[in-house]
Amino acid sequence: MSKLNTSSSEFDLDRPNIEDYLPSGSIQEPCGKLRLRDLLDISPTLTEAAGAIIDDSFTRCFKSNPPEPWNWNVYLFPLWCLGVVVRYGFLFPLRVLVLTLGWIVFLSCYFPVHTLLKGNEKLRKKLERGLVELICSFFVASWTGVIKYHGPRPSMRPKQVFVANHTSMIDFIVLEQMTAFAVIMQKHPGWVGLLQSTILDSLGCIWFNRSESKDREIVARKLREHVEGADNNPLLIFPEGTCVNNHYTVMFKKGAFELGCTVCPIAIKYNKIFVDAFWNSRKQSFTTHLLQLMTSWAVVCDVWYLEPQNLKPGETPIEFAERVRDIISVRAGLRKVPWDGYLKYSRPSPKHRERKQQSFAETVLLRLEEK
Amino acid sequence: MGNTSSMLTQYDIEEVQEHCNNTFSQQEIVSLYQRFCQLDRNGCGFISADEFMSVPEFAVNPLSQRLLRMLDGLNFKEFVAFLSAFSSRASLQQKVEFIFKVYDSDGNGKVTFNEMLDILRDLTGQFISEQQREEVLTQVLEEAGYAKDSLLVQADFMKILGNSSLKMEVEVPVD
């Protein structure tokens, strides 16, 4: 694993105070004259450290919880074996067939449309959108996706942006099936990257590179340009920045909320009854993840298109982001944690430690004054 | 207790329980093992400093570097023994002993003025000047009856810290 770097200070300029969320009940306000005991007693700090070692809210967000085994019985076990045979021997080949068929149809329509209709932009875009929605439907069919959409379908209007919570890259496919969004995504290697640079590019998708800090300004500019254009596909952003296990939400990045446009929240909740759709990118590649989905009975999920929100007067983009995160978390039944998803890839800034040190130092100095 | 398997046998659990003087119940040891395996991502039998620092709540703690030195290279049994001071079943003496060990960085059983100053520096950072830190520490030491160059042993710590208001407990989540 590559060395972790301290995250750049850009990541926590005007972040809400993490201390408000962290359990710090152990640090009571001491009073009275400063004694030796007060300086030597490091038990509150040690307790916090031990608490973090034993269980912490950040790691919990990315834990894939294995399903309870139910086949531990003399008649359940053969049933389960039968299920495995059906899933791997019958369903899986059938699904592969359906998917291959879908790709053949898609590619045979897409390339002619893409090359021949170069002159007629409007028609070409319309057909490409329809085709992408088609191939996504094939994908969803290949996992027997049972998806319930609630709420009004997204419309194509300028100055609006869609945000959703993120569990796996299939979020994009699930949403794309219904509406051809332009999405902003991390550029991936492999066959996914190939798809990104060819087909998804035509939808107006925007790519970024997490590890490049200069990238942020360029991406911010591209986002702004995209939402201005009336003809562009509606923009979909996953403000968490990383895949979370669908039980929690991590902090939303403010980029989507300072574009000066309406934000339409979308909440996605997967039902783990047949398969856990969380893509633990540390544990499996996307291909393995897809294969896992294709060999399970079904992928069940609910998608809620929620009421569009605007920046309230006097509200900062960070507060706006937190408010929308609240709306999405409540709707999808997710718990909020105060961590930045990018802490998966980098370390917290020294600012947080410094804040603790400052608070302790101030207490010491204050009590020194007391007689 | 192989580092490749994620299964603890009953013998393993009892061995660990004995090693930590029964401060954790068997269920808690199983939970701690799951946590240990979760943190030890490359499965090499101990948690590296990097793996500890990937827990943001731990990384922002002012004493994290100190604790990392004590946690370095511990296998699961030693990891549980390390955490045993934080169990509700641990005695006051065990807790004070742990605090003493955190201070006594060279492990010679005596805590010097400089060792106390080191911890105070970790806790206050740049927000108190070095000179002021020394002054404060000297002052409170003298008020408690210790000269600046005195060496504190565990009994002294017990005397200073050992009253029942010392709270150092963490609950191990058990499914």
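Let's start in chain A, where β2(A) and strand β9 (residues 299-305) run alongside each other as a parallel pair, joined over six bridges. Keep in mind that this is a predicted model.

- Looking at the pair in more detail, A:K148 has A:D302 as its bridge partner in β9(A).
- Strands of a sheet pair through backbone hydrogen bonds, and they can do this in a parallel or an antiparallel way.
- How many strands does the open sheet have, and in what order? There are seven, arranged β2-β9-β8-β3-β6-β4-β5 in chain A, and the pairing is mixed.
- At the edges sit β2 (145-150) and β5 (206-208) of chain A, each of which pairs on one side only.
- If you ignore direction, neighbouring strands in this sheet are turned by 25° against each other on average.
- A helix packs on the sheet too: α8 (residues 215-228) of chain A touches β3 (160-164), β4 (182-186), β5 and β6 (235-237) of chain A.
- The direction of α8 in chain A makes about 170° with the direction of β5(A).

**Where chain A meets chain B: two helices**

- To describe two packed helices, you give the angle between their axes and the distance between those axes.
- Helix α2 (residues 43-54) of chain A and helix α2 (residues 26-39) of chain B have axes that come within 9 Å and cross at roughly 80°.
- Angles of 65 to 115 degrees count as roughly perpendicular, so α2(A) is roughly perpendicular to α2(B).
- Which residues make the contact? On α2(A) they are A:A52, A:I53 and A:I54, and on α2(B) they are B:L32, B:R35 and B:L39.
- Sorted by class, this contact of α2(A) with α2(B) has five nonpolar residues, one charged and no polar.

**A helix crossing inside chain B**

- The axes of helix α5 (residues 64-71) and helix α7 (residues 92-103), both of chain B, come within 10 Å and cross at roughly 100°.
- That angle makes α5(B) roughly perpendicular to α7(B).
- From α5(B), the contact uses B:R66, B:L67 and B:M70, while α7(B) brings B:F98, B:K101, B:V102 and B:Y103.
- By class, the contact of α5(B) with α7(B) has five nonpolar and two charged residues, with no polar ones.

**What the record says about chain B**

- An unreviewed UniProt entry places "domain: EF-hand" at residues 27-62 and 91-126 of chain B.
- Residues 27-62 of chain B are 61% helix and 0% strand, with end C-alpha atoms 31 Å apart.
- Residues 91-126 of chain B are 67% helix and 0% strand, and here the end C-alpha atoms are 35 Å apart.

Methods
Residues numbered from 1 in each chain as written. Chains lettered and ligands numbered in written order. Predicted model: local features only at pLDDT ≥ 70, side-chain atom pairs only at ≥ 80, totals over all residues. Heavy atoms only, no water. Axes fitted to C-alpha atoms, helices over the stretch in contact; angles between N-to-C directions. Helix = DSSP H or I, 4+ residues; strand = E, 2+ residues; numbered from the N terminus. Parallel < 35°, antiparallel > 145°, perpendicular 65-115°, else oblique. Contact = heavy atoms within 4.5 Å. Nonpolar A, V, L, I, M, F, W, Y, C, P; charged D, E, K, R; others polar. Pairing = 2+ DSSP bridges. UniProt positions renumbered as here; feature names shortened; annotations may be inferred.
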